[in-house]
Amino acid sequence: MTRRYVGERVARNEDRRLLTGRAMFVDDVQLPGMLHVAFLRSDHAHALLRGVDVSAALERPGVVAVFTADDLGDYWQPGPLLVPPPPVEGIVFHEATQVPLAKDKVRHVGEPVAMVVAESRYVAEDALADIVVDYEPLDAVVDLEAALAPDAPLVHERFGTNMAAFVAQRHGDYDRARAAADMVISRRFLYDRGAAAAMENRVVAAQWDPLAEDLTVWDTTQAPIPIRNGLARMLGLMESQVRVVAPFVGGGFGPKIMMFYPEEVLVPWAAMRLGRPVKWTEDRQENFFATSQERGQVHDAEMALTRDGRILGVRDFFLHDCGAYDPYGLTIPINSQCTLLGPYDVPHYYSEFRAVFTNKTIVTPVRGAGRQHGVFVMERLLDIAARELGLDPVEIRRRNYLSPELFPHNFDILYQDFAPLYYDSGNYLPALETATEMIGYEGFREEQRRLREEGRYVGVGVVSYIEGTGIGPYEGARVTVDPSGRVRVATGLGTQGQGHYTAFAQIVAEALDVDVERVSVVTGDTREFGWGTGTFASRGAVVAGSACHAAAVAVRGKILAMAARVLGAAEEQIDLADGRVSVRGIPERFMTLGELARHANPLRGAVKPGTEPGLEATAYFGPDHGSTASGVHAMIVEVDPETAMVEILRYVVVHDCGRLINPQLVEGQVQGGVAHGIGNSFYEKLHFDESGQLLNASFMDYLLPTAMDVPRVEMAHMETPAPMNPLGLKGVGEAGAIPAGAAFAQAVEDALSGYGLEITEIPLSPSQLFELLQVARAASPQIQETAG
Amino acid sequence: MIVEGEYTFSGPRDVVWELLQDPEVLSKAMPGAARLALVGDGAYEGSIRVGVGPVTAAEWKLAVTLQDRDPPAHYVMQVDSKGPIGFTRGSASVDLAETDGGCTLMRYRADLQVGGKVAGIGQRLIDQVAKMMTHRGLDALSNELRARLAEEA
C-alpha cells in the first residue's frame, strides 16, 4: 500500500457542503401540499386530564385536523422500551414508557396533549389557543428524596411507588475493606440537570406515496434504522415500505436517539391518514420541555483508604432522576455505577441505586450518559482523601492507577451492554505525566504563591477518567467501486457533525489505495443501508468504522481476483495502487478501477457460479466487548473571590482513544466535549420550582458557555490500540464532556485554598460559589482577601 | 410566588370593603381592558390581558372566588386564570384594619403558582410584573375610593 490515510489530518470532506449552505437538513424538506403541525403541550407538571375540547380549533380556517389521544384508536400505544433492564440479581425495574398524546393524565410540563395540523405553522399555532383543556392539578413530584417518601404523590399509580428501579452491584467485599481501612471519607454529591441544547432542534417530515405505497420520513434522529423498523411495525407496513432519512443533523448529543418521541410517531401517521405531506419543526421553547435531558443524581459515597493513600474500597448509594418515563431503561445509572471505578485499582466496591420517577421531562443519555457522575464522585473523593492525608492530588492518582500488566481487566459488575465491565486495554500513567508536564504542574505551586501575593487566586485541577466506548451489537457497511472509478460507502449510522463522511472515507481509501477525495460516504438513509442500530455510546467510528474496513478489504479481494482474470496474471502478481490495477513489473498492463468495475458487470457472457457481479461487498462488525478509552484533563482557573466569577486560563487534555483515524476530527470532538463539560460545570442548570415548572426555558436565562468562556484546549494524543477491532479504534465522542466538572471543582477549590470550602455540587454557578464563599468567610473570620 | 404587602386607603373600612366586592370597580383595577362579572355569591368571571417581558400580551380567562368572608375585615380570594401562554392559580388573603384618621390599612398575602410558557420564559420578570400589577391595581382602587367619597360629600 502506498497511500496512508488512517491517522492523517485529512480535511473534512463534508465541510464544503456545510459551509456553502448546500447541506440538506430536515427543515429544508418542502413538498407540494405540505401541512404543518403544532402541538398543544401541558402547562402542568402533574394533572388529571378531564377533557380536551378541540371544536373551536377545528373551525379555524386553515386547520385541517386536530387529534387527541382518543382519535388515535389502536395506534395509541406507549413507546417501546429501548433498553431492557440488565440481568443483575435482585433488580427491580418498573417500565413506564412515554405515550404519543396524554390520556387521562399529564406527567410533565410540555407533554403533548393535542396535535393541530394546518395549512401553515402560523395557523396551527393560533389554533392551539382555541383548544380548551380541563386539567385537575395534582401535587408534583420534583425532589428525588421527597419522591420516595411514603406519602409522595405518584407519577405512575400502578407501581404504588415512584421508584423506577433498584440495582445493587458489588465487586469484592466492601465491608471488609472498610474494617481494614486507616481512613474513610464520606460525602454527599449532587449533579443537576441540564439541556443538551443542540444547535438544530428536532424536526420530522413525512410523505406517504399512495402509488408506490411507501412512506418516506425525514427525521433528525441519531438512529434512522430503528425508527424505520418501529414505524413499520406500528403502521402495519413492511420495513421495505418505510424509508427513514436522517440527512445532515445539527448536533445529536444523545437526545435525538430517544426513539420514539411522540412527534416521531404522530407525524408519519398523520401524513398517511391525511394523504398529504406533514412536517413539524420543534422550536427552541419546545426543546426545553419536550426533548430529553440529563444529569440529576444524588450520591452518598464513601472511600476507604490506607494511610499512604491506597484505595481499599468504595461504596456508593445514589438516586437517579428518570423524569416522567423510563424508555431508555437503566443505561445512565448503570454507566454512573460502572464509570465511577475509573482508571483505578479498586479491590472492593459496592454500589446501589434507585431510579426515581419525577414530574419532569424524560431523562435519556446526553453526551457522557451518566459517566460524569461516576467520575465526579470518584475524583472528588480522591481530592478530599489527598487533602486529609497531606498528599498531592496528582500523587494519590498515581498510586492508584491500574498498572498496564493488569489488562485486560475485569470487574465483576455488568456494564450498559450487559457484559461484565471489561477494560480491554489502557496505559494510564503516561497520560498523567504528559498532562502534568503540559500544564506545568511542577512549577505551578510557586507561581500560585507569587500570584496570591499579587491578590490573584489561581488554581490547578488534574483528573483522570475512562470511558467504555464502541459497544455492540453491530453496524454494517457496503463499499462499491462505481464504473466512474469513484468509490461509494454506505452505512446505516446517522451523522450529526462527527465527520463520519471523512473518517469512513479515510478507512476505505487506505484499504483500496484510492484518493480519499474519490470516496463518497452516505449515512443515515435506510434505503441506502438498512441494517444497524445508530450513533450513540461513542461507537460510530469503532463499530461502523470497523465494518467499513471489513467491507473495503472484501472489495479489495474482489478487485484483485477480477484484475487477475482480466489482465491474465496471477492474483499475487497484481498491484493495486492509485486507483488502478496493474501487473507487477509490467506497468503498461493496467486498468483503472472504473474500467475494472465495468468488466465486473458484463452485458454479454456469464457471471461464473461462485462469483458475483460488481466490485462491491457488504460487511458487518459486532464487538464482544467495548473498548476502553481514557485520559487526563488538567485546567488552570482564576477565581475572583469578590464576584465569584471563574475564568479558565488553560485547559489541557491528554486523550487515549486507541489508534486515531484523523487527529483533527478527534480534536474537534474533544474541544466540543470540553465546551459541553464547561457548560455543565459552571453555567447550564435547569431550574424547576416545587410544582415542576421549568423556570429558565430560554437562552435568555439558561446559560450556555460562549466562545469567551471556553479556552482553546491544548491536546496530546496517546495511542493504546484496542485489541477488539482490527484498526485498534476506541470512541471519543463523549470524552471531552465527562471529567470537566471534576477538574473544575478541584481547580476552583485549589484557587481558593485557605478558605476551607468544598465543592460537592455540579453545576456550580457564580451565585452558588458566592454563597460557598460567604459560608467559608463566616466560618473562618481570619480569611483576609489580599488586595489585588 | 408570594406577593405580599400593605396599602393604606384614605377612607373608612366599610367603603373599602364595598369597593372590593364590586366587579365594575375591580375590573378597573385589573390590567389590560379587563372584563369581570359577578356570576354567583362571591364568584366572578372575566378576562384580562397581560404580557410578561418577552411574552406577548395575551388574553387570560379569569375566575375569582371570595371565601372566608368576615365583613368588613377579612376575606380569601381564590384565583384561577388560564391563557394560551400558561396559567396562574392560588389564593390571596386580605385583611382590612381601621387606622387613625379614618383610614384603612390593607394587608395582603398571595401565594400563586405560575405555570407553562410564561413561567419558563418570563420568570425573571414575573415577580416584578406581579408587584407592579398589584400596585397599579391598588392605586386604581384608591382613586375610585376618592371619587366615591367625593360624590358622597
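Strand 24 (residues 580-583) of chain A runs antiparallel to strand 25 of chain A, and four bridges hold the pairing. Strands here are DSSP runs of E with at least two residues, helices are runs of H or I with at least four, and both are numbered from the N terminus; two strands count as paired if DSSP finds at least two bridges between them. Keep in mind that this is a predicted model, where local features need pLDDT of at least 70, side-chain atom pairs count only at pLDDT 80 or more, and totals for chains, interfaces and linings use all residues. Residues are numbered from 1 along each chain as its sequence is written, while chains are lettered from A and ligands numbered from 1 in the order in which they are written.

- A:Ser582 sits opposite A:Phe590 in strand 25 of chain A.
- The whole sheet is open and antiparallel, with its three strands in the order 23-24-25 (chain A).
- Strand 23 (574-577) and strand 25 (586-592) of chain A are the edges, each pairing on one side only.
- From one strand to the next, the twist averages 30°.
- Helix 15 of chain A packs on this sheet and touches strand 23, strand 24 and strand 25 of chain A, with its direction at about 130° to that of strand 23 of chain A. Axes are lines fitted to C-alpha atoms (for helices, over the stretch in contact), and angles run from 0 to 180 degrees between N-to-C directions.

**The seven-strand sheet**
- Another open sheet, this one with mixed pairing, has seven strands in the order 4-8-16-15-14-9-30 (chain A).
- Strand 4 and strand 30 (761-762) of chain A are at the edges with a single partner strand each, so one side of each has no neighbour in the sheet.
- Strand 9 (residues 183-191) and strand 30 of chain A run parallel, joined by two bridges, and A:Leu190 is partnered with A:Glu761.
- Helix 10 (residues 371-389) of chain A packs on this sheet, touching strand 9, strand 14 (297-305), strand 15 (311-323) and strand 30 of chain A, and its direction makes about 140° with that of strand 9.

**The nonpolar core**
- The largest nonpolar core has 276 residues, and those with the most contacts inside it are A:Ala114, A:Val116, A:Val489, A:Val508 and A:Cys548. Such a core is a set of buried Ala, Val, Leu, Ile, Met, Phe, Trp, Tyr and Cys residues joined through C-beta atoms within 7 Å; buried means that 20 or more other C-beta atoms lie within 10 Å of a residue's own, placed from the backbone.
- Helix 15 (residues 540-567) of chain A gives the most to this core, with 13 residues.
- Neighbours within four places in sequence aside, the contacts of A:Val508 are A:Val479, A:Val487, A:Val489, A:Val519, A:Cys548 and A:Ala552. Contact means C-beta atoms, placed from the backbone, within 7 Å.

**Where the chains meet**
- The contact takes 15 residues from chain A and 13 residues from chain B.
- On the chain B side, helix 3 gives the most, with six residues.
- The predictor gives the complex an ipTM of 0.88 and a pTM of 0.95.

Methods: Contact = placed C-beta atoms within 7 Å. Buried ≥ 20, exposed ≤ 12 C-beta atoms within 10 Å, placed from the backbone.
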